Amino acid sequence: MTNIILLGPPGAGKGTQATRLVKERGMVQLSTGDMLREAKTSGTEMGKRVAEVMDRGELVTDEIVIGLIEEKLKAGGGAGFIFDGFPRTLAQADALNALLAKLGQKLEGAIQLVVDDEALISRIVGRADEARAAGLPVRADDNPEVFADRLRAYYKSTAPLIGYYYHAGDLFTVDGMASPDAVAGQIAAILDQQAE
Ligand code: B4P
């Protein structure tokens, strides 16, 4: 089993790369963003609380997110889990280590996608424009004002994870400014090297 984290700011391409890894390697994507968007549409009290927080560009509580991940981990991970957008805080990182240990598993690495802030903003605006043009729903948090708050939350709560995984000897860095194919190539090289 190869369990990896895709780490990076909002719009870095974590979801894009995770989708490819599912197709190409039979891994299982655990996207907390997708899980929370699903919870938002459920109409439950929890879903309503989640919607308010996400639409402001803030982070949902560790308790909710860790609970969602724990449930999915129990279902099994095929060739391995891809953690997409999780962990986003140090408490979530500690919880993930404990959950994997309980299953007799471990993490092979955290792959950091490095993208500069300007490119992130233009990707998010681009995604919203594409959805609008196709008549699809636009994510409530994909607008420049909320995006600034998402980025602030990233630097405050999630960026410290880079040091956390670096000190654990688990950090790999890829150039997330490259094309999606080139980014996928860099990730494949890391995974193949780890498998040797
Ligand atoms: P997420 O759903 O995780 O959203 P994201 O970080 O914005 O997306 P991602 O990095 O996956 O970008 P994507 O591939 O889609 O989180 C949304 C919200 O949920 C958070 O703000 C928070 O409120 C909540 N949340 C989620 N997880 C949480 C947690 N663990 N704890 C607490 N709260 C949590 O790519 C974006 C765009 O870029 C796409 O349009 C894509 O086509 C384009 N793109 C991708 N790669 C590219 C490349 N190489 N070159 C050019 N464009 C590229």
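Proline 144 is found in helix 7, where helices (H or I, at least four residues) and strands (E, at least two) are DSSP runs, numbered from the N terminus. The model is a predicted one, in which local features need pLDDT of at least 70 and side-chain atom pairs count only at pLDDT 80 or more, while totals for chains, interfaces and linings use all residues. Residues are numbered from 1 along each chain as its sequence is written.

**Proline 144 and its surroundings**

- Proline 144 counts as exposed because it has 10 C-beta neighbours inside 10 Å; by the rule applied here, a residue is buried if 20 or more other C-beta atoms lie within 10 Å of its own, exposed if 12 or fewer, and partly exposed in between, with C-beta atoms placed from the backbone.
- Apart from its neighbours within four places in sequence, proline 144 is in contact with Ile121 and Val125, contact being defined as C-beta atoms, placed from the backbone, that lie within 7 Å.
- From C-alpha to C-alpha, proline 144 and valine 125 are 7.1 Å apart in space, although 19 residues apart in sequence.

**Helix 7**

- Helix 7 (residues 144-158) has 15 residues and reaches 20 Å from its first C-alpha to its last, close to the 21 Å expected at 1.5 Å a residue, the expected span being 1.5 Å times one less than the number of residues.
- The buried residues of helix 7 are Phe147, Arg150, Tyr154 and Thr158.
- Seen down the helix axis, these buried residues fall within an arc of 55°, so they line one face of helix 7; the arc is that of the directions from the helix axis to the C-beta atoms.
- On the face of helix 7 turned away from the buried side are the exposed residues Glu145, Arg152, Tyr155 and Lys156.
- Helix 6 and helix 8 (160-167) are included in what covers the buried residues of helix 7.

**Strands and their pairing**

- Strand 1 (residues 4-7) and strand 3 pair in the parallel sense over three bridges, pairing being assigned if DSSP finds at least two bridges between two strands.
- Strand 2 (residues 28-31) runs parallel to strand 3 and is joined to it by four bridges.
- Aspartate 84 in strand 3 stands opposite leucine 6 and also opposite serine 31.
- Strand 4 and strand 5 pair in the parallel sense over five bridges, with alanine 110 opposite leucine 171 in strand 5.

**Faces of the strands**

- In a regular strand the side chains alternate between the two faces of the sheet.
- In strand 1, Ile4 and Leu6 point one way and Ile5 and Leu7 the other way, and all are buried.
- In strand 3 (residues 81-84), Phe81 and Phe83 point one way and Ile82 and Asp84 the other way, and all of these are buried.
- Strand 5 (residues 171-175) has a covered face with Phe172 and Val174, and an uncovered one with Leu171, Thr173 and Asp175.

**Residues around the ligand**

- Pro10, Gly13, Gly15, Gly33 and Gly85 come nearest of the 30 residues around the ligand, a residue being near a molecule or strand if its C-beta atom, placed from the backbone, lies within 6 Å of it.
- At least two residues of this shell come from each of helix 1 (14-25), helix 2 (32-41), helix 3 (45-55), helix 6 (117-133) and helix 9 (180-195).

Definitions and conventions. Contact = placed C-beta atoms within 7 Å.
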